[in-house]
Every structure is written in C-alpha cells, then in structure tokens.
Amino acid sequence: AGRGADLTLPRHVIHYLYFPVEVDARRAAEVIERAEWESSVSPPDERIAEWSVRAEGYRVIGGATVEAFRAWFEQIAADHQGEYDGWEASAKP
C-alpha cells in the first residue's frame, strides 16, 4: 500500500511450506488444493533439504487476509509435521 498498490484487487500470492517426509507434503498439498489454491510438491535438492510445497493463487491481500492466510497455512504445516516459511505477493495485480 505504501508504494501505491491497490489492495482491493487480487494479485498473485505464493506460500511456502516444508516437510521432512514426502507423504506429509503430499497430504498437505491435497488440503491446500481443496481450498482452491494451486500447489506443487518438490523433492529435496541441493538448495532445500526437505520436501517443499508451493501454494499459489490470486487473492486480495490486506491486514486481515494476510493474518488469516498465514494462520491457515501454519496450521496445515503443523497438522502434517511441517513448517510454514512465509509468503510473497506480486506488487501489481
């Protein structure tokens, strides 16, 4: 908002979650997809030592939604023995 973004418009948002075990990553991805987010699961590699889940969608973001999305993704990670590692959003819709 401080840079002039219109936060009433949906924009591309990405959330990152990490899991030690593939089956937990895939189960978390299933939960995420049921909530109409796109998800992808990637195996560990030379940069990331755990299974990663990337959740993407177009959403309106603001103070209330950021807190709600973060809490929801943190809960999914916790429910599947993983860790939530934050989010990012495009500056423009």
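Q: Which residue forms a salt bridge with Arg54?
A: In this predicted model, local features need pLDDT of at least 70 and side-chain atom pairs count only at pLDDT 80 or more, while totals for chains, interfaces and linings use all residues. Residues are numbered from 1 along each chain as its sequence is written, and side-chain values use heavy atoms, with hydrogens and water left out. A salt bridge requires a side-chain nitrogen of Lys or Arg within 4 Å of a carboxyl oxygen of Asp or Glu. With its closest N and O atoms 3.0 Å apart, the partner of Arg54 is Glu56.

Q: Is Glu56 buried, partly exposed or exposed?
A: Buried means under 20% relative accessible area, exposed means over 50%, and partly exposed lies in between (1.4 Å probe, protein chains only). Arg54, at 32%, is partly exposed. Glu56 has a relative accessibility of 22%, so Glu56 counts as partly exposed.

Q: In which helix do Glu22 and Arg26 both lie?
A: Glu22 forms a salt bridge with Arg26, at 2.8 Å between the closest N and O atoms. Helices (H or I, at least four residues) and strands (E, at least two) are DSSP runs, numbered from the N terminus. The two residues are four apart, about one turn of the helix, and both belong to H1 (residues 22-34).

Q: What separates Arg70 and Glu74 along helix H2?
A: The side chains of Arg70 and Glu74 meet in a salt bridge at 3.1 Å, N to O. Arg70 is partly exposed at 35%, and Glu74 is partly exposed at 37%. Within helix H2 (residues 63-79) they are four residues apart, so the separation is about one helical turn.

Q: How many aromatic pairs does a search of the whole structure find?
A: Rings of Phe, Tyr and Trp (its six-membered ring) pair if their centres lie within 6.5 Å; planes under 30 degrees apart count as stacked, over 60 as edge-to-face and the rest as tilted. On searching the whole structure, the number of aromatic pairs is four.

Q: What is the angle between the planes of Trp37 and Phe73?
A: Trp37 and Phe73 form an edge-to-face pair, with ring centres 5.2 Å apart. Both residues are buried. The angle between their planes is 80°.

Q: Which residue in strand S4 pairs with Phe73?
A: Phe73 is buried, with a relative accessible area of 0%. Its stacked partner has a centre-to-centre distance of 6.1 Å and 15° between the planes. The pair ties together parts 11 residues apart in sequence, because Phe73 lies in helix H2 and the partner in strand S4 (residues 83-89) is Tyr84.
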